[in-house]
Amino acid sequence: MKSKVEREESTVVGRRLRQARKWAGLPQDRLGVAIGLDETTSSARISRYETGVHEPPIATARLLALELGVPLAFLYCDDDDLAAALLNLASLSATERRRLLRQLDWRMPE
């Protein structure tokens with residue numbers, strides 16, 4: 001059975017943000033302060049993002065992703081397998097990433 005918090009999550013961004021924050025072991029208030037939110041409202045703002053009450057502006061999402069060490073695209077990825085792939089790709093060096101993409105015969109659309 002899902003917890004009350006999980007039932008309240010209504011956005012992909014909220015779900016991914018909570019997931020990445022928990023992996024990082026950061027409480028909501030510390031994460032908010034780390035990206036420059038006011039100390040008195042940081043926990044409430046992050047909570048609203050996580051529950052889907054508000055969606056962070058892209059500039060804020062970029063700061064959150066940077067602080068949490070995940071690619072920005074991870075926060076917006078609605079497919080769990082692709083989200084995991086994004087995390088794995090992001091952990092590779094640029095050389096390793098290009099090598100893997102060549103092995104997959106991946107091509108950029110022109």
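My entries below go from the whole chain to single residues.

**Ground rules.** I'm working with a predicted model, where local features need pLDDT of at least 70, side-chain atom pairs count only at pLDDT 80 or more, and totals for chains, interfaces and linings use all residues. Residues are numbered from 1 along each chain as its sequence is written, and side-chain values use heavy atoms, with hydrogens and water left out.

**Whole chain.** I looked up the secondary structure and got eight helices and zero strands. Helices (H or I, at least four residues) and strands (E, at least two) are DSSP runs, numbered from the N terminus. Next came burial: 27% of the 110 residues count as buried. Buried means under 20% relative accessible area, exposed over 50%, and partly exposed in between (1.4 Å probe, protein chains only).

**H2 and H4.** How do the axes of helix H2 and helix H4 cross? I found that H2 (residues 12-24) and H4 (residues 42-51) have axes that come within 6 Å and cross at roughly 125°. That makes H2 oblique to H4. Axes are lines fitted to C-alpha atoms, for helices over the stretch in contact, and angles run from 0 to 180 degrees between N-to-C directions. Under 35 degrees counts as roughly parallel, over 145 as roughly antiparallel, 65 to 115 as roughly perpendicular and the rest as oblique.

I then checked who touches whom, with contact meaning heavy atoms within 4.5 Å. From H2, Gly 14, Arg 15, Leu 17, Arg 18 and Arg 21 meet Ile 46, Tyr 49, Glu 50 and Thr 51 of H4. Buried residues in H4 include Ile 46, Tyr 49, Glu 50 and Thr 51. Just after H4, I noted Gly 52 with a positive phi of about 85°.

**Aromatics.** My search of the whole structure turned up one aromatic pair. The ring centres of Trp 23 and Phe 74 are 5.8 Å apart and the planes are at 40°, so I wrote down "tilted". Rings of Phe, Tyr and Trp (its six-membered ring) pair if their centres lie within 6.5 Å; planes under 30 degrees apart count as stacked, over 60 as edge-to-face and the rest as tilted. Trp 23 lies in H2 and Phe 74 in H6 (residues 72-76), so the pair ties together parts that are 51 residues apart in sequence.

Buried or exposed? Trp 23 is exposed at 53% relative accessible area, while Phe 74 is buried at 1%.

**Thr 60.** Last entry: Thr 60 lies in helix H5 (residues 58-68) and counts as buried at 15% relative accessibility. Not counting residues up to four places away in sequence, Thr 60 touches Ile 35 and Tyr 49.
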